[in-house]
Amino acid sequence: MGTVPSALKHCLSYQHLLKEQLWIGESAPPPPAAPHPGQESQASGLPAYVKIVEVGPRDGLQNEKVIVPTDIKIELINRLSKTGLPAIEVTSFVSSRWVPQIAAGATEVSVFGAASETFSKMNINCSIEESIEKFEDVAKSARNMNIPVRGYVSCALGCPYEGNIIPAKVAEVSKRLYSMGCYEISLGDTIGVGTPGSMKRMLEAVMKEIPLRALAVHCHDTYGQALANILTAIQMGVAVVDSSVAGLGGCPYAKGATGNVATEDVIYMLNGLGINTGVNLYTVMEAGNFICTALNKKTNSKVAQASFNTGTVN
């Protein structure tokens with residue numbers, strides 16, 4: 001491309017870009033109050049507000065090859081809590097008996113189902129039907145303590161063992177989770193094989209059974225389709241997106257599954273669409289830089305790679 005003029009280099013520097021877009025917000029007024037997820041922007045037809053569910057401390061760190069020290073996890077959560085993220089998943093457990101123990105500090109719990117029989121057995125050691133029965137116990141315990149329950153459907157767009165998953169199966173499992181009281185159903189592309197076309201077909205099937213306001217998407221970026229799939233979902237009215245700081249994550253029971261879509265990249269895209277998230281992109285990037293430094297690994301966020309090209313926060 002030849003020599004880049006110094007003035008252009010300055011224009012493209014991350015500090016200049018972030019300040020111009022008010023992502024650092026040194027002198028910017030506070031953002032307007034966020035509408036309820038799903039409220040449409042009259043100008044674009046897109047949601048005026050998208051809720052970001054940060055899954056990095058749970059889904060991201062659970063797939064690391066080394067045990068992450070507790071103090072590092074706590075520091076990551078503390079940093080993320082200062083970014084404006086409305087929801088942060090912090091840990092996981094395997095038995096409904098643990099619900100009372102976590103009730104004092106948790107604002108909600110989640111149950112993890114699957115649209116694939118084989119994956120269900122590999123991931124949680126039971127069939128789909130058996131998992132539903134177990135989830136009902138969790139939902140009942142949580143309901144008795146006024147703790148909301150979120151439901152996940154893994155392998156919504158493909159399974160590492162069974163291949164293609166028909167949309168009707170995703171809709172069936174989603175409906176059962178919603179019927180037992182899960183207030184929101186997160187549809188997961190666990191191995192990142194989905195495309196905008198398969199995302200659209202799957203959502204069309206699920207939306208026949210569940211209100212749009214109760215849906216979220218959880219995309220992995222194995223084939224580089226995560227942002228395109230999220231955009232497709234948003235264009236269809238979905239207004240809740242799961243993501244992981246620095247693109248941390250994967251799935252120990254899904255061979256080849258790379259990290260979740262990076263929170264930084266999702267926010268950058270939504271900012272460009274004029275969609276409010278209430279999240280400060282710069283502070284999310286700082287949190288991502290912190291955890292990547294602690295883990296001695298490179299961020300998977302394209303935005304962070306481009307912005308922090310020296311690997312450090314100045």
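In this predicted model, Ile 291 touches Leu 61, Ile 72, Leu 76 and Leu 248, leaving aside residues up to four places away in sequence. Ile 291 is also one of the residues that touch the most other members of the largest nonpolar core, a set of 75 residues. Val 170, Leu 177, Leu 187, Met 202, Leu 203 and Ile 230 share that description. Helix H12 gives this core its largest share, nine residues. A second, separate core has six residues, among them Val 55, Ala 87, Ala 216 and Val 240. In soluble globular proteins, nonpolar side chains tend to be buried together.

**Helices H4 and H12**

Two packed helices are described by the angle between their axes and the distance between the axes. For H4 (residues 70-80) and H12 (residues 281-295), the axes come within 9 Å and cross at roughly 170°. Because of that angle, H4 counts as roughly antiparallel to H12. On the H4 side, the residues in contact are Ile 72, Glu 75, Leu 76, Arg 79 and Leu 80. They meet Glu 286, Ala 287, Phe 290, Ile 291 and Ala 294 of H12. Sorted by class, this contact has seven nonpolar residues, three charged residues and no polar ones.

**Salt bridges**

Side chains of opposite charge can pair when their charged atoms come close.

| Salt bridge | Closest N to O distance |
|---|---|
| Arg 79 and Glu 75 | 2.9 Å |
| Arg 150 and Asp 242 | 2.7 Å |

Arg 79 and Glu 75 both belong to H4, where they lie four residues apart, about one turn of the helix. Arg 79 has a relative accessible area of 34% and is therefore partly exposed. Glu 75 is partly exposed as well, with a relative accessible area of 30%. Both residues are also part of the contact with H12.

The salt bridge of Arg 150 with Asp 242 links distant parts of the chain, 92 residues apart. Arg 150 lies in strand E4 (residues 149-154) and Asp 242 in strand E7 (residues 240-243). Both of these residues are buried.

Lys 200 and Glu 204 sit in helix H9 (residues 196-206), and because they are four residues apart, about one helical turn separates them. Lys 200 counts as partly exposed, at 40% relative accessibility. Glu 204 is likewise partly exposed, at 35%. Elsewhere, salt bridges with shared partners join Arg 150 and Asp 242 to Arg 58, Glu 89 and Glu 184 in one network.

**Helix H10**

Helix H10 spans residues 226-235. Its buried residues are Ala 226, Asn 229, Ile 230, Thr 232, Ala 233 and Ile 234. Of these, Ile 230 is named among the residues of the largest nonpolar core that touch the most other members. The cover over the buried residues of H10 includes the strands E5 (184-189), E6 (215-219) and E7, together with the helices H9 and H11 (263-272). After H10 comes Gly 237, which has a positive phi near 110°.

Notes
Residues numbered from 1 in each chain as written. Predicted model: local features only at pLDDT ≥ 70, side-chain atom pairs only at ≥ 80, totals over all residues. Heavy atoms only, no water. Axes fitted to C-alpha atoms, helices over the stretch in contact; angles between N-to-C directions. Helix = DSSP H or I, 4+ residues; strand = E, 2+ residues; numbered from the N terminus. Parallel < 35°, antiparallel > 145°, perpendicular 65-115°, else oblique. Contact = heavy atoms within 4.5 Å. Nonpolar A, V, L, I, M, F, W, Y, C, P; charged D, E, K, R; others polar. Core = buried A, V, L, I, M, F, W, Y, C linked by side-chain atoms within 4.5 Å. Buried < 20%, exposed > 50% of the residue type's maximum accessible area, 1.4 Å probe, protein only. Salt bridge = Lys/Arg side-chain N within 4 Å of Asp/Glu carboxyl O.
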